[in-house]
Structure formats: structure tokens, C-alpha cells
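Open the model in your viewer and keep the sequence panel beside it. Each stop below says what to select and what is there.

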Amino acid sequence: MAFTSISADLFNIYGFYCSVLLFKLSTNFFLTVFERKRNNVFPNPEDAKKYNGKVDFTNEAVERTRRMHLNDMENIIPFLFLALLYITTNPSLNTARYHFLIFTVARFLHSICYYFALPRIAFIAGAGVNISMAVQCILYFV
């Protein structure tokens, strides 16, 4: 099918949720900095010297926040592209909004669970949204 246009309302929904997710992704590093200072471990000798800490790449609290950030990158970046393709298929506003809302809430819940070492089943909802959008895009563009 030929691309025609995306409604302003649909693009606004996309823009809002992508902005929230990118803000989350951009601020994750604060948790890593917090854990580094709290545990007095740093990745560089000059930082360790400045703060009277030690160089350590194995601190579990720091590594947990780094893995959480990496996990967000692995999931949010594909979502941004899939969601953009998805809105070109002209879904209903409510369907798109629910897809984006569920994914966004799932990412926040997943991060909270990851940080506190709780069972992380929220990722299933986020993965389900990505799969749903991908299948709908594939079927639309065939």
C-alpha cells in the first residue's frame, strides 16, 4: 500500500509516548551514578582518586543499573521504529494509544522490578506490544 499521510492526532500520541520513553532512557544513567557514589566504586582511576574510591567493574548494584539501562536500549529503540511504521498503517487512535501506553507502563514496571531484583514479568507485555505492531506492519505492507 502506498504511504499517504499520518493524522496529526496519531502522530501526537506517538510523539508523546516516544518522548516519555526517550526521557526515561536518557535519565537512567542517574541511577548508575547514584550506585557508583553510594558504593564508592568508579570505572576510571581518576574518578576513584578524586572521590577516594576504588576502580571496580564487578559491583552488583552498579552492574544491575547498567544492565537495566542496556535492557531499556534493547527494547525501547526497536519500539520507536516499530511504532513509527505502525502509525503509517493508520490504526485507530485508541488502538495505537493502548499499544503505546501498555509498552510504556511495562518498561517502567520492568525497570522498577529490575532495580529491586524482583521477578520481571512486565517485559512480556512490552514484547507483546512490539510483536503485535510488527505483525500488523508485516500484514499491512505485504
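## Stop 1: Arg 107

Select Arg 107 and show its surroundings. Leaving aside neighbours within four places in sequence, Arg 107 is in contact with Leu 21, Lys 24, Asn 71, Asp 72, Asn 75 and Ile 76. Contact here means heavy atoms within 4.5 Å.

This is a predicted model: local features need pLDDT of at least 70, side-chain atom pairs count only at pLDDT 80 or more, and totals for chains, interfaces and linings use all residues. Residues are numbered from 1 along each chain as its sequence is written, and side-chain values use heavy atoms, with hydrogens and water left out.

Arg 107 lies in helix H5. Helices (H or I, at least four residues) and strands (E, at least two) are DSSP runs, numbered from the N terminus. Is Arg 107 buried or exposed? Arg 107 counts as buried, because its relative accessibility is 2%. The cut-offs are under 20% relative accessible area for buried, over 50% for exposed, and partly exposed in between (1.4 Å probe, protein chains only).

Now draw a distance from Arg 107 to Lys 49. Their C-alpha atoms are separated by 36 Å, and the two residues are 58 residues apart along the chain.

## Stop 2: Asn 71

Move to Asn 71, one of the contacts of Arg 107. Asn 71 is found in helix H4. Asn 71 counts as buried because its relative accessibility is 17%. Not counting residues up to four places away in sequence, Asn 71 touches Arg 107 and His 110.

## Stop 3: helix H5

Select residues 93-115, which form H5. At 1.5 Å a residue, the 23 residues of H5 should span 33 Å, and the end C-alpha atoms are 33 Å apart, which agrees. The expected span is 1.5 Å times one less than the number of residues.

Which residues of H5 are buried? They are Ala 96, His 99, Phe 100, Phe 103, Thr 104, Ala 106, Arg 107, His 110, Ser 111, Cys 113 and Tyr 114. These buried residues pack against H1, H4 and H6.

## Stop 4: H4 against H5

H4 and H5 pack at an angle of about 175 degrees, with their axes 10 Å apart. Axes are lines fitted to C-alpha atoms, for helices over the stretch in contact, and angles run from 0 to 180 degrees between N-to-C directions. H4 and H5 are therefore roughly antiparallel to each other. Angles under 35 degrees count as roughly parallel, over 145 as roughly antiparallel, 65 to 115 as roughly perpendicular and the rest as oblique.

On the H4 side, the contact residues include Asn 71, Asp 72, Asn 75, Ile 76 and Phe 79. On the H5 side, they include Phe 100, Phe 103, Arg 107 and His 110. By class, this contact has eleven nonpolar, seven polar and four charged residues. Ala, Val, Leu, Ile, Met, Phe, Trp, Tyr, Cys and Pro count as nonpolar, Asp, Glu, Lys and Arg as charged, and the others, Gly among them, as polar.

## Stop 5: bring in H1

Select residues 8-27, helix H1. H1 and H5 pack at an angle of about 5 degrees, with their axes 9 Å apart. That makes H1 roughly parallel to H5. The residues of this contact divide into twelve nonpolar, two polar and four charged.

Turn to H4. H1 and H4 pack at an angle of about 170 degrees, with their axes 10 Å apart. That makes H1 roughly antiparallel to H4. The contact has 14 nonpolar, one polar and two charged residues.

## Stop 6: the core

Select Phe 79, Phe 100 and Met 133. Of the 20 residues in the largest nonpolar core, these three touch the most other members. A nonpolar core is a set of buried Ala, Val, Leu, Ile, Met, Phe, Trp, Tyr and Cys residues joined through side-chain atoms within 4.5 Å.

Zoom in on Phe 79. Not counting residues up to four places away in sequence, Phe 79 touches Cys 18, Leu 21, Phe 100, Phe 103, Val 129, Asn 130 and Met 133.

## Stop 7: two loop residues

Select Ala 117, in the loop between H5 and H6. Ala 117 has a positive phi of about 55 degrees although it is not a glycine. Ala 117 is partly exposed, with a relative accessible area of 48%.

Finish at Asn 52, in the loop between helix H3 (45-50) and strand E2 (54-55). Phi of Asn 52 is near 55 degrees, a positive value. Asn 52 is exposed, with a relative accessible area of 67%.
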